[in-house]
Amino acid sequence: MASNGMATPSQMCPPPSQGRLITVLSIDGGGIRGLIPATIIACLEAKLQELDGPDARIADYFDVIAGTSTGALITAMLAAPDEKKRPLFAAKDINTFYLENGPKIFPQTKIGFLKPVANLLSVIWGPKYDGSFLHDKIKSLTNDVRIADTVTNVVVPAFDVRSLQPVIFSTYEAQHEPLKNAHLSDICISTAAAPTYFPAHFFRTESPDGGEPREFHLVDGGVAANNPTMVAMSMLTKEVLRHNPDFRPVEYGNFLIVSIGTGSPKQAKKYTAHKCAKWGLFRWLYDGGFTPIIDIFTHASADMVDIHAEVLFEALRCEKNYLRIQDDSLEGHASSVDIATEENMEALIRIGRELLKKPVARVNIDTGEHVSVDGEGTNEEALERFARKLSDELKLRKKNFNSY
């Protein structure tokens with residue numbers, strides 16, 4: 001976001017100070033299950049195009065797109081610039097990217113009854129995948145684009161294993177801290193480096209004034225924030241505290257947030273206390289093709305954020321400004337983060353489409369289950385309402401911006 005209330009050449013949407021709202025799109029991590037939010041985001045972009053024409057893109061309407069792991073990859077595709085300084089991908093094309101590249105990112109072994117043994121040994125010996133195809137693909141997509149170059153502001157969490165601290169990369173931070181202005185490819189590779197699945201990623205950034213470089217030793221952002229909604233809100237609040245003229249004093253009631261999950265298997269009762277009580281180190285790392293310790297950490301992280309956001313918006317009596325779309329009943333292969341067979345990927349797309357037809361739901365803070373909300377219709381109907389709000393907000397900002 002530009003300073004002094006002026007939009008940069010790559011910034012399509014005038015800043016929040018020209019309108020009434022602060023708009024956020026947040027996308028969870030979840031490996032190949034990124035097909036679920038990609039399907040939902042394509043629906044939202046189609047609604048926006050119905051209102052504002054076929055050239056409308058998600059990045060035109062959101063002040064921040066935040067993503068963790070696979071959500072960061074989607075974020076990069078939505079916000080990285082092409083040669084015309086427009087978003088690299090239309091939302092409808094993201095599923096095609098996953099369908100074409102998913103099997104190469106997560107190559108499936110074909111060794112019959114020995115597959116469980118091979119998977120277990122791979123967990124013991126090192127990361128399940130070497131990540132080379134993912135690295136090459138991300139680098140070829142984003143080239144030399146740095147996070148400061150995105151067409152709208154992005155926020156991506158990762159975790160530094162050397163300092164044992166979360167690291168938040170954002171377009172905002174990159175403007176104030178050149179050593180945080182990393183290549184988008186390095187950031188995406190880092191936040192996707194899920195322990196046991198992909199190797200940790202090392203890179204350094206150079207100081208433009210010849211000072212000391214900064215080293216990063218990073219793994220998956222899901223370790224810190226698998227659901228990056230509150231991270232995005234914190235980054236926006238930080239800009240207010242910096243007296244960024246793009247923002248008026250922040251009021252959380254002015255936030256408009258679409259938060260999209262990648263699905264959760266927790267309600268399928270995959271694990272029980274009786275079962276886990278007998279586990280040692282290896283079973284926490286590998287159980288029937290899954291990695292329980294990673295599942296539990298990432299779902300706990302995502303759900304805590306959802307609970308926090310839900311309570312906050314309800315307390316402010318603006319709960320309709322917060323839309324969380326999540327399926328918490330995944331079963332079988334669909335609940336895996338790395339089964340990238342054609343059959344499973346098509347199933348995940350169907351889950352995304354079916355989720356659009358389900359009623360709007362909010363989390364019950366006592367049970368953790370998502371409960372249908374009376375009178376708010378389906379998720380697709382809610383996205384249509386949000387699309388109208390986003391369209392109206394963009395028109396208001398352009399009107400005010402052009403009146404200067």
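Where in the chain is Leu-330 found? Leu-330 lies in the loop between strand 8 and helix 13. Helices (H or I, at least four residues) and strands (E, at least two) are DSSP runs, numbered from the N terminus. Leu-330 is buried, because its relative accessibility is 2%. Buried means under 20% relative accessible area, exposed over 50%, partly exposed in between (1.4 Å probe, protein chains only). Glu-100 is 230 residues from Leu-330 along the chain, and their C-alpha atoms are separated by 23 Å.

Now, some ground rules. This is a predicted model, where local features need pLDDT of at least 70, side-chain atom pairs count only at pLDDT 80 or more, and totals for chains, interfaces and linings use all residues. Residues are numbered from 1 along each chain as its sequence is written, and side-chain values use heavy atoms, leaving out hydrogens and water.

How confident is the predictor? pLDDT is its confidence in each residue, from 0 to 100. The protein has a mean pLDDT of 88, with 91% of residues at 70 or more. Confidence is highest in helix 1 (residues 35-52), at a mean of 98. It is lowest in helix 4 (residues 115-125), at 58. Over residues 1-11, pLDDT stays under 50. Where pLDDT is low, the predicted coordinates should not be read in detail.

Next, Asp-28. This residue sits in the loop between strand 1 and helix 1. Asp-28 counts as buried because its relative accessible area is 1%. Contact means heavy atoms within 4.5 Å. Not counting residues up to four places away in sequence, Asp-28 touches several residues, including Thr-68, Asn-226, Gly-261 and Arg-324.

On to helix 14, residues 379-402. At 1.5 Å a residue, its 24 residues should span 34 Å, and the end C-alpha atoms are 34 Å apart, so the two agree. The expected span is 1.5 Å times one less than the number of residues. Its buried residues include Leu-383, Phe-386, Leu-390 and Arg-397. Among the elements covering them are strand 1, helix 1 and helix 13.

Now a helix pair. The axes of helix 3 (residues 94-105) and helix 5 (residues 132-142) come within 9 Å and cross at roughly 145 degrees. Axes are lines fitted to C-alpha atoms, for helices over the stretch in contact, and angles run from 0 to 180 degrees between N-to-C directions. Phe-97, Asn-101, Lys-104 and Ile-105 in helix 3 meet Phe-133, Leu-134, Lys-137 and Leu-141 in helix 5.

How values were computed: pLDDT = per-residue confidence, 0-100.
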